[in-house]
Amino acid sequence: MGKEEYIAEIKKELGFMPYNEVVKAEEYFNSFFCGTQSDEEVINTLGTPKEAAKKYCKSNTEEEKNNQNRINKARNYTGWVIAIIAAVFLFPVWAPVLLISAAFVVFIMVMAVAVSFGTWIGGGVAIITGIFSNMIIADKLIQCGLGFVMFGVGLMLSWLLVWGLINLSIWFIRKVTKS
């Protein structure tokens, strides 16, 4: 089998590929026959046309995968670069929103603390004033009873606040360390 026949057989094996890929393959195999070796030695080195075509397809597939990996890595870096650039240019927009949101969260937390501890302390004050006031016994019992209710509600609110903050902190730490 001569060079022309050998390359024609390879082209038949690669017939499923697009025309321009077959032309590239033909150029690739022709380059082997340009050296100092005889056509027979080159054909023996490359193997049968079927084997040569299979090796060519495999090497092209691996090359395509490597190229695709390089493209994907470049896209990932490009995404990060775009995100950073967007964050920098949008700083005048997102910084005030972030500050206002943080201030709102702090305000809500301060109000929750004030309400829970205020109710707790107010209940204690109502109990003490109910005991030591110059009222009739029925009024003292009502004031002390309401004081105990307020004290209990304040204690419960304080406990829920602390418990919620601890669980929220644990959740946040887990989310941050998981990423």
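What follows looks at a helix pair and then at two individual residues. Keep in mind that the model is predicted.

Let's start with the helix pair. Two packed helices are described by the angle between their axes and the distance between the axes. Here, helix H1 covers residues 3-13 and helix H2 covers residues 19-32; their axes come within 10 Å and cross at roughly 145°. The crossing of H1 and H2 is right-handed. On the H1 side, the contact is made by Lys3, Ile7, Ile10 and Lys11, while H2 brings in Val22, Glu26, Phe29 and Asn30. Sort the residues of this H1–H2 contact by type and you get four nonpolar, one polar and three charged.

Now zoom in on Ile10, which sits in helix H1. Its relative accessibility is 2%, so Ile10 counts as buried, the cut-off being under 20%. Which residues does Ile10 touch, if you skip its neighbours within four places in sequence? Ile10 is in contact with Phe29, Pro49, Ala52 and Ala53. For a sense of spacing, take Glu41: Ile10 and Glu41 are 31 residues apart in sequence, and their C-alpha atoms are 17 Å apart in space.

Last stop: Ser158, found in helix H6, which spans residues 137-178. Is Ser158 buried or exposed? With a relative accessible area of 6%, Ser158 is buried, because that value is under 20%. The Ser158 side chain reaches the backbone oxygen of Gly154 at 2.9 Å. Setting aside neighbours within four places in sequence, Ser158 is also in contact with Ser116, Phe117 and Trp120.

Conventions: Residues numbered from 1 in each chain as written. Predicted model: local features only at pLDDT ≥ 70, side-chain atom pairs only at ≥ 80, totals over all residues. Heavy atoms only, no water. Axes fitted to C-alpha atoms, helices over the stretch in contact; angles between N-to-C directions. Helix = DSSP H or I, 4+ residues; strand = E, 2+ residues; numbered from the N terminus. Left-handed = near helix turned anticlockwise from the far one by under 90°. Contact = heavy atoms within 4.5 Å. Nonpolar A, V, L, I, M, F, W, Y, C, P; charged D, E, K, R; others polar. Buried < 20%, exposed > 50% of the residue type's maximum accessible area, 1.4 Å probe, protein only. Polar contact = N/O pair within 3.5 Å; in protein donor to acceptor, adjacent residues only side chain to side chain.
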